[in-house]
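Colleague: Please take me through this model. I want to know what lies behind each word you use.

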Amino acid sequence: MDPGRVRFFLSEVARNFSRNVIMQLTAIGTVTVTIVLLGAFLFTRETAGKIGNDVLHQVQISVFLKDTAGAADAKAIAAKLAHDRRVASVTYVPKAEGLAQMRDRLRGQIDMSLLTSNPLPDALRVRAVDTNHVDQVAAALRKMPSVAKVEYAQDAVQKLVRLSAVLGRIGLGIVALLIVTAAIIISNTIRLTVFARRREIAIMQLVGASSGYIRLPFICEGFLAGLCGAALAVALLAVARAQLLPKLALALPFVPLHDADVNAVVFALELLGVGAAVGIVASWFSVGRHLRT
Amino acid sequence: MISLRGVTLVYPNGTRALDGIDLEIAKGSFVFLVGHSGTGKSSLLRLLYREQRPSRGSVTVDGIRVDKLRRSKVPYLRRNVGVVFQDYKLLVDKTVWENVAFALQVTGARSRDVIRGVPRVLDLVGLAHKSRMFPNELSGGEQQRTAIARALVNNPKILLCDEPTGNLDPANTNDIMDLLHRINLKGTTVLIATHNVLVVDRMRRRVIRLDDGRITADEERGYYHAAGGAAADTAELPIMRYSVGPRTSSLLSE
Ligand SMILES: Nc1ncnc2c1ncn2[C@@H]1O[C@H](COP(=O)(O)OP(=O)(O)OP(=O)(O)O)[C@@H](O)[C@H]1O
Ligand SMILES: [Mg+2]
């Protein structure tokens with residue numbers, strides 16, 4: 001490529017970009033806000049999805065045995081369930097082990113030393129092969145003579161999953177609206193530049209510049225605005241991840257935050273891509289409308 | 001070189017600017033287009049560089065059916081047709097050199113060709129020594145010469161001038177006309193829309209007269225006022241012309 005040509009082109013882009021700095025900053029700021037929210041939204045959805053999945057797969061039936069039932073009864077039930085095709089696994093948890101597990105889980109949060117006796121009954125933990133079978137399995141268990149109580153969170157979990165799907169769709173809608181807003185602001189900024197340069201554009205058209213050539217600096221301007229905004233957003237998100245996530249993990253000990261599962265580099269590139277694409281599309285339309293006259 | 005057949009132009013607001021124009025202009029000719037204000041001179045020129053499309057009829061420029069030209073091909077037509085206006089249309093933040101170079105740069109010329117082409121046309125219009133000046137540091141005549149240099153730098157076969165001397169005093173007017181004459185002698189077809197009686201009568205070239213969008217006279221070696229036509233209409237006396245402020249064309253205004 002001819003260096004003189006490249007220099008001329010770059011100087012045109014730089015002039016455009018510096019022509020209305022305030023508007024340009026507004027456009028960049030809007031993109032930043034949009035991309036930050038998009039990033040936060042995608043991260044939350046990913047994490048919530050994982051949590052939901054985990055919880056769903058964890059749906060297990062807790063079978064508490066009557067005090068009168070002994071280890072033999074428990075083993076008999078376990079053996080019977082082992083033949084049931086709907087059952088994935090059965091674990092016998094004697095009351096002492098149950099208490100130990102509970103101690104582990106709540107370590108540091110509740111002072112377990114206050115407990116002087118073990119309040120837990122012997123229990124079985126049953127997992128169904130399919131979450132849809134949980135109801136049937138639970139009903140069968142309830143009918144057994146040595147079973148005191150059968151508990152599972154099927155309903156609650158399914159409601160939660162459904163709710164998070166609805167919330168996800170609402171979030172997606174908000175992000176979509178924000179992206180449209182950012183596009184409109186970028187497009188208005190470009191239109192200002194187009195307006196400021198209408199004389200030059202008219203002369204370009206008069207002397208025979210192709211519409212692609214006339215468009216290019218404006219497309220570049222939009223691309224730059226989108227990219228700058230997205231880069232700023234990615235930087236903010238990176239800081240937030242470093243600063244907030246550990247605190248969040250501390251505050252919500254029961255919630256498994258799968259930070260490591262999100263590939264940060266790919267994620268950042270995706271967000272940059274979204275920003276740049278919004279800028280390009282927005283400027284394409286705003287210049288296109290002008291050139292058609 | 002230029003051929004119009006049955007051309008009618010009706011603007012979207014209903015104004016009939018041109019009405020059944022038939023016109024042939026040979027390669028290398030030097031032609032004046034005259035007529036009262038609002039008779040369609042600028043409109044006719046606009047058809048030739050595809051700023052307008054005719055409502056009816058055909059427009060052929062250098063063998064190309066301009067009225068049927070695809071939008072994406074229009075830039076190539078424009079590189080072959082230089083256009084000059086009364087108000088020069090220079091970029092005030094660029095020097096003479098940059099204004100002329102602009103026409104090459106935005107059509108994707110290599111910088112080698114820019115460095116060769118710009119001095120060539122600046123020499124032709126006699127502005128080589130002022131190439132670093134800005135338009136507001138130049139006289140009207142010099143600004144128009146810059147505009148002509150810009151129109152010529154892509155080596156067009158045709159040069160269209162819409163009242164090129166409209167804002168100039170007689171001395172500058174004569175300079176510009178001499179320049180356009182020299183350009184014509186080099187083979188470029190030149191078509192000038194003008195109100196300037198003195199210029200037309202001094203040059204004695206082909207004169208096409210428009211009245212209300214129709215051609216009412218077309219004479220080789222003609223005068224501004226067609227033979228046997230009405231006497232000078234005071235509104236068109238040159239002395240009046242200079243008192244009129246700059247006319248702005250519809251293409252650009254500021
Ligand atoms: N863009 C436009 N839209 C509607 N009507 C127009 C437009 N441009 C010109 N006209 C009308 O078309 C007619 C011819 O205008 P044109 O500019 O071609 O005249 P002209 O001969 O160049 O006049 P002048 O000598 O004053 O420059 C006029 O009645 C004018 O009002
Ligand atoms: Mg006119």
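Colleague: What makes you say that residues of chain A are in contact with residues of chain B?

Modeller: Two residues are in contact if their C-beta atoms, placed from the backbone, lie within 7 Å. By that rule, 15 residues of chain A touch 20 residues of chain B. The model is predicted: local features need pLDDT of at least 70, side-chain atom pairs count only at pLDDT 80 or more, and totals for chains, interfaces and linings use all residues. Residues are numbered from 1 along each chain as its sequence is written, while chains are lettered from A and ligands numbered from 1 in the order in which they are written.

Colleague: Which elements of chain A give two or more residues to the side that touches chain B?

Modeller: They are α1 (3-19) and α7 (198-207) of chain A. The most comes from α7(A), with 7 residues. Such names follow DSSP runs, numbered from the N terminus: helices are H or I with at least four residues, strands are E with at least two.

Colleague: How do the residues on that side of chain A divide?

Modeller: Into 8 nonpolar, 3 polar and 4 charged. Here Ala, Val, Leu, Ile, Met, Phe, Trp, Tyr, Cys and Pro count as nonpolar, Asp, Glu, Lys and Arg as charged, and the others, Gly among them, as polar.

Colleague: And how many helices and strands are in chain A?

Modeller: Chain A has 9 helices and 4 strands. Along the sequence they read α-α-β-α-β-α-β-α-β-α-α-α-α.

Colleague: Now chain B. Why are α5(B) and α6(B) called roughly parallel?

Modeller: Look at the angle. The axes of α5 (residues 140-152) and α6 (residues 170-185) of chain B cross at roughly 15° and come within 9 Å. Axes are lines fitted to C-alpha atoms, for helices over the stretch in contact, and angles run from 0 to 180 degrees between N-to-C directions. Angles under 35 degrees count as roughly parallel, over 145 as roughly antiparallel, 65 to 115 as roughly perpendicular and the rest as oblique. Therefore α5(B) and α6(B) are roughly parallel to each other.

Colleague: Which residues make that contact?

Modeller: Those of α5(B) include Arg145(B), Ile148(B) and Leu152(B). Those of α6(B) include Ile176(B), Leu179(B) and Ile183(B). The residues of this contact divide into 5 nonpolar, 4 polar and 2 charged.

Colleague: What makes α4(B) oblique to α5(B)?

Modeller: The axes of α4 (residues 111-125) of chain B and α5(B) cross at roughly 135° and come within 9 Å. That angle makes α4(B) oblique to α5(B). Among the residues in this contact are Val121(B) and Leu122(B) of α4(B), and Arg145(B) and Ala149(B) of α5(B). They divide into 7 nonpolar, no polar and 1 charged.

Colleague: Why is α1(B) said to be largely enclosed by the rest of the structure?

Modeller: A residue is buried if 20 or more other C-beta atoms lie within 10 Å of its own, exposed if 12 or fewer, and partly exposed in between, with C-beta atoms placed from the backbone. In α1(B), 8 of the 8 residues are buried, so this helix is largely enclosed. Lys41(B) and Arg46(B) are among them. In chain A, buried residues make up 27% of the 293 residues.

Colleague: What does α1(B) give to the shell around ligand 1?

Modeller: Helix α1 (residues 41-48) of chain B gives the most, with 3 residues. In total 13 residues surround ligand 1, and the closest include Tyr11(B), Ser42(B) and Ser43(B). A residue is near a molecule if its C-beta atom, placed from the backbone, lies within 6 Å of it. The shell divides into 2 nonpolar, 10 polar and 1 charged.
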